[in-house]
Structure formats: structure tokens, C-alpha cells
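This briefing concerns the contact between two protein chains and the setting of one residue. The sequence and structure come first.

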2 protein chains.
Amino acid sequence: MTSRPSRPRDRGIPEATVARLPLYLRALQGLSERGIPTVSSGELAAATGVNSAKLRKDLSHLGSYGTRGVGYDVEYLIYQISRELGLTQDWSVAIIGVGNLGRALANYGGFGTRGFRIAALLDAAPEVVGRRVAGLTVRHIDSLEDVVSNEDVSIGVIATPAKAAQGVCDRLIAVGVTSILNFAPVVLNVPDHVDVRKVDLSIELQILAFHEQRKSAGRQGSDWVDVLDA
Amino acid sequence: MTSRPSRPRDRGIPEATVARLPLYLRALQGLSERGIPTVSSGELAAATGVNSAKLRKDLSHLGSYGTRGVGYDVEYLIYQISRELGLTQDWSVAIIGVGNLGRALANYGGFGTRGFRIAALLDAAPEVVGRRVAGLTVRHIDSLEDVVSNEDVSIGVIATPAKAAQGVCDRLIAVGVTSILNFAPVVLNVPDHVDVRKVDLSIELQILAFHEQRKSAGRQGSDWVDVLDA
DNA sequence: CCCACTTTGTGCGTGCTTTCACAAGGGCGT
DNA sequence: ACGCCCTTGTGAAAGCACGCACAAAGTGGG
């Protein structure tokens with residue numbers, strides 16, 4: 001959803017593949033911790049819930065890193081995927097909004113451990129500013145511009161209420177942030193060169209409800225119930 | 001496919017459309033609160049960041065609810081989308097795992113307002129059980145089976161550590177839950193009739209990092225040599 | 001009543017994604 | 001060295017999704 005139609009030729013890795021690479025990476029890290037040296041596409045596919053042909057095609061976009069008859073070297077593949085995703089360098093992340101969700105994100109282990117460093121927590125509420133959360137002191141939102149410049153923040157995470165999100169987004173972009181992860185339930189308006197990914201908890205629930213309804217409708221036998229007719 | 005000309009409606013709504021319906025719904029509810037009675041596909045498309053033709057095609061899967069020359073009746077469309085998503089009934093949700101994330105979810109306003117009722121919060125840690133969170137008393141995980149049966153829970157939200165997730169998932173399925181929203185960073189193993197949606201915070205960040213890396217690589221002019229396909 | 005204007009609903013071409021099926025490559029036991 | 005068995009990498013085909021462009025349908029003014 002972040003790709004734009006007017007983009008010049010995109011000679012790189014398909015978006016659908018990029019979205020799956022982190023999944024493979026996590027599975028591989030699990031194998032690595034268990035000391036498993038090699039893995040076949042079938043095994044890795046089973047561990048990630050992906051079709052094995054799709055997995056092979058995904059990996060083929062990175063290069064030919066497998067060995068026929070054997071499989072893939074776990075450590076080498078971890079390195080290659082990490083490199084492709086840009087995780088061999090550290091990215092500084094600022095979290096704006098230290099409510100329940102912001103705190104959850106700050107304490108979420110997955111962030112700090114691999115490739116991401118939480119550079120700052122920012123909030124507007126006086127009762128939150130100054131408190132320590134996840135080893136960091138929450139700073140006031142007014143220092144956003146300073147923090148982004150000084151800490152070289154390139155990814156902003158918006159966990160504010162919906163009303164504040166666009167304003168925060170604009171300020172992030174104004175100081176050079178070009179990647180934004182948005183948890184606020186609004187559609188952010190951004191220029192073309194900025195990537196936005198959105199995570200919306202209630203949308204996910206609504207999609208589940210749709211399928212759940214379909215299942216229980218079938219169970220009950222009452223098919224189309226076309227009551228209203230203009 | 002296999003659309004019968006005699007039937008006005010084809011009930012098979014594409015998955016991509018289903019994923020966007022909640023987006024339209026939220027925008028429409030905003031219009032409704034502002035007292036706007038009708039909206040054109042162009043306006044609604046602008047508000048949701050979607051191509052207007054795509055929006056019309058999405059809505060056409062629900063039926064012909066628009067008026068040519070005028071647009072769509074906001075209230076009527078809200079009702080139709082809600083009905084299609086199954087939000088005209090209330091769904092009971094159980095949240096398992098009341099850590100930082102679980103608390104954030106419990107306090108997330110968007111749940112209760114839109115067809116979802118948090119029926120229970122469950123956790124295994126003694127220091128959490130018994131505490132009140134978001135107006136509910138946290139119950140011990142051992143009462144999961146009782147809660148699901150008595151409260152008619154059909155959607156389970158897993159916000160536990162990764163290690164506990166599969167076990168909780170199995171127990172949910174064993175008592176009849178068929179829709180699961182999983183925040184734990186593991187691939188859940190479930191039978192075919194169970195729907196799982198996964199929200200993974202670090203995966204989203206990694207996808208952003210990929211695009212960010214590509215942008216800064218271009219800016220910096222690294223030793224990347226682009227090779228045109230033959 | 002008629003005409004100009006607006007907006008929906010959709011046929012169709014295009015490009016991306018997934019899946020199948022298999023040739024090519026590599027290891028291993030004998 | 002040889003042949004068997006395994007697994008990768010990839011054409012090719014099928015399936016989806018997207019967006020253009022336009023006919024159909026409805027509104028409102030004169």
C-alpha cells in the first residue's frame with residue numbers, strides 16, 4: 001500500500017516478498033538458537049505457514065543462496081535477509097504518544113533487540129513528561145524537532161490519539177523523517193516520498209468479525225436474508 | 001465468477017475489499033457525526049486515500065446502494081457496511097495476556113464502540129490476576145474455558161509472550177473459538193476452520209526499514225550497481 | 001419536455017502474485 | 001566413478017487486484 005503507481009520502474013524486490021522476509025528471518029533466528037545449521041525450503045515453509053515454492057521464489061530475489069540437494073545455510077541466510085532489510089545497521093526510532101499503546105511499544109522486546117533503537121519517547125501530557133518508561137525519560141513533544149535532528153531519527157511511530165496524529169506527522173516530515181508507523185485510526189496525508197504503514201487494531205477485529213459472521217451464517221443455514229429493498 | 005444474472009448479488013466479496021470496508025466505515029461515521037447526509041465516491045475516496053473507481057467497485061460488491069448523479073446516502077451506507085461486516089450484532093472478545101499490550105488493547109476505545117464487547121481479561125501471573133483493568137477484573141487463565149462458554153466468546157485476542165501463545169490458542173480452539181487475533185510473534189498452528197489474523201509490530205518496522213534503506217542508499221550513492229534485466 | 005451536468009456501476013486491459021511442475025545441480029552411498 | 005535421491009531455482013499458467021474510461025441513470029434548470 002505504500003507503493004505509488006507513478007513510481008518509476010521498481011527493479012527491486014516485490015512488495016509482497018518484502019512483507020514476508022521478516023517472517024522468514026524470525027523463523028531462521030529460532031532455528032539458529034536451536035543450533036540447526038541448514039534448512040530446506042519445505043521445512044522453512046512449514047515453520048512460517050507459506051507455500052514452499054513461494055518461499056523459494058522469495059529467496060531467489062535475494063540471490064542464489066541455497067544449495068541444491070541440501071537447503072539453505074541458516075546463518076548465511078539470516079545475514080542475507082538482514083542485509084536486504086537494512087537491519088545490519090541500527091535505525092533510530094522515536095515513539096510519539098506514551099499512553100497505553102506507546103508504553104507497550106516501548107517495552108516491546110522486539111524493537112530494541114534487533115536493528116532498532118528507541119531514541120526517544122515524546123508526549124504532550126504534563127503528567128507523563130518526565131516519567132521514566134522502558135529506561136527512557138519521556139520528553140515533551142516540543143522537543144520533537146531537536147530529538148529527531150540530534151538522534152538522527154529516521155522512523156517515527158505515532159501512538160497518539162487520532163486528533164493529534166496528523167499534526168505530529170507533519171512535524172516529523174518537516175524535520176526529515178521519511179518513514180512512519182501509524183497506530184492512530186486516521187488516514188495520514190503525506191507527500192510522495194514518505195512511507196506510511198498503518199496498524200489499526202479495530203480494523204483487524206472487524207475483518208475477523210466478517211469471516212466469523214460468514215461462518216456462523218453457514219452453520220445456521222439461513223442464507224441470504226435480503227430484507228431491505230430500497 | 002459464476003455470477004448468476006438472476007441474482008442481484010454475488011456474496012463472494014474479495015478479501016481486498018473486505019479489508020477496506022472498515023476504512024470506509026470509519027470515514028462515513030465521521031461524516032455522519034458532522035451531519036453530512038450524502039457523499040460521492042470521489043469525496044469518500046479522498047477521505048480514505050483510495051482510488052475512487054476502486055471504492056465504487058468495492059461498494060458495488062455489497063449491492064447498488066448509490067444514486068447516480070447524487071452519491072451515497074451516508075447513514076444507509078453505514079448500515080449496509082456494518083451489516084456486511086457483521087457489526088450489527090455484538091461480538092464478545094476475550095483478551096489473553098494483560099501485559100503492556102493487553103492493557104493497551106483493553107483501554108483502546110475503538111473496541112467497545114463498534115460492535116465489540118470485551119468479555120474478559122485473562123492472565124497467568126498472580127500479580128496481575130485480580131487487578132482491575134479498563135473496568136474489568138483480570139481473571140486467571142485457568143478460567144478460560146468457563147469464560148468462553150459462559151460469555152459466548154467467539155473472538156480471542158492473544159497478547160501473551162510468544163512461548164505461551166500456541167498453548168492459549170489451542171485452548172481457545174478447543175472450546176469453540178474460531179477467530180483469533182494474534183499479537184505474539186509466532187506463527188500459530190490452527191485447523192482450517194479457524195481464522196487467524198496476525199499483527200506484528202516488529203515486522204512492520206522491518207518493512208519500513210527496507211524502504212528507508214533503499215531511499216538512503218539512493219541519496220548516498222553507494223556502491224550499488226544496478227543491473228538492467230536482459 | 002428537453003438538455004446539460006453529475007455520478008454511479010462496470011467492461012476491459014495491465015501488471016502483480018501465487019502455484020504448479022520440472023529441469024538443473026549437488027551430495028552420498030556403494 | 002556412478003547412479004540415486006534430494007532440493008533448488010524458475011518458466012509458464014492461472015488467479016487477483018487495480019484503475020481507466022465510458023455508458024447508463026438520475027438531477028435540476030429553463
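The points below cover conventions, the interface and one tryptophan.

The model is predicted: local features need pLDDT of at least 70 and side-chain atom pairs count only at pLDDT 80 or more, while totals for chains, interfaces and linings use all residues. Residues are numbered from 1 along each chain as its sequence is written, chains are lettered from A and ligands numbered from 1 in the order written, and side-chain values use heavy atoms, without hydrogens and water.

**Interface extent**
- Chain A contributes 69 residues and chain B 73 residues to the contact (heavy atoms within 4.5 Å).
- About 6300 Å² is buried between chain A and chain B, 62% of it on carbon and sulfur atoms (accessible area, 1.4 Å probe, lost on being put together, summed over both parts).
- On the chain A side, Leu205(A), Gln206(A) and Leu208(A) lose the most area to chain B, together 11% of what that side buries.

- The interface of chain A and chain B holds 6 salt bridges (Lys or Arg side-chain nitrogen within 4 Å of an Asp or Glu carboxyl oxygen).
- Lys215(A) and Asp195(B) form a salt bridge through their side chains, at 3.2 Å from N to O.
- Helix α9 (residues 201-220) of chain A supplies the largest share of the chain A side touching chain B, 16 residues (helices are DSSP runs of H or I, at least four residues; strands are runs of E, at least two).

**Trp91(A)**
- Trp91(A) lies in strand β4 (residues 91-96) of chain A.
- Trp91(A) is buried, at 5% relative accessible area (buried is under 20%, exposed over 50%, partly exposed in between; 1.4 Å probe, protein chains only).
- Not counting residues up to four places away in sequence, Trp91(A) touches residues including Phe116(A), Arg117(A), Ala209(B) and Glu212(B).

Notes
Buried area = accessible area lost by both parts, 1.4 Å probe.
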